[in-house]
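Here is a short briefing to read alongside the model. Please have the sequence and the 3D view open as you go.

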Amino acid sequence: TANARQLGIDTTRMVIAGHSMGGWVVAHTAGHHPELLGAIMISAADMGRVGQMQRDSLIAFMADNLESLSGTSAQVMADEVIAKGAAWGFPAAVPGLARTRLLVATSNDGLARHTDPLVQALRAAGNTRVTTVHQPTDHSWSDKRIALATAVITWLERARGGTVGQRTTPQN
């Protein structure tokens with residue numbers, strides 16, 4: 001928040017988005033920043049739930065997800081997720097997200113079972129600004145990227161009350 005002020009960023013017009021583990025980061029970040037316009041979670045993994053796996057299975061899972069992470073190991077990641085599981089789970093994010101405008105996009109990758117309970121809990125908490133979309137595709141949305149982009153753009157247009165990217169020409 002202090003950095004945003006220093007840089008002159010209007011966070012009330014900002015939306016954050018993340019895919020997979022990034023979707024999990026989005027849930028917890030948005031939960032601590034109610035000033036955001038909204039948040040988008042795409043095929044989000046609940047790392048608290050993942051932390052309930054047996055350690056050997058979790059290490060194998062983490063080893064398969066290290067492609068964009070550096071300075072860590074599958075063992076370190078597994079141990080951290082096990083240790084912080086409850087605090088890192090989606091249920092812990094519900095109070096902070098109770099009023100957050102949210103788009104939750106799921107696919108056939110099995111992670112809807114991670115986000116469906118979050119959506120249900122938010123709606124039960126009175127959040128009427130949760131939108132869900134589902135496409136029959138893989139985790140990377142390989143054959144549904146246009147559908148995903150369309151869903152995100154449509155949601156963004158509604159979130160800001162107009163057309164995303166709408167240009168206004170100054171009148172002379």
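Two strands count as paired if DSSP finds at least two bridges between them; helices (H or I, at least four residues) and strands (E, at least two) are DSSP runs, numbered from the N terminus. This is a predicted model, in which local features need pLDDT of at least 70, side-chain atom pairs count only at pLDDT 80 or more, and totals for chains, interfaces and linings use all residues. Residues are numbered from 1 along each chain as its sequence is written, and side-chain values use heavy atoms, with hydrogens and water left out.

**Strands**
- S2 and S3 are parallel partners joined by four bridges, and Ile 42 has Ala 105 in S3 as its bridge partner.
- Strand S1 (residues 15-19) also pairs with S2 in the parallel sense, over five bridges, with Val 15 opposite Gly 38 in S2.
- Five of the five residues of S2 are buried (under 20% relative accessible area; exposed is over 50%, partly exposed in between; 1.4 Å probe, protein chains only).
- From S2, Gly 38, Ile 40 and Ile 42 point one way, while Ala 39 and Met 41 point the other way.

**Helix H2**
- His 28 lies in helix H2 (residues 21-31) and is buried, at a relative accessible area of 16%.
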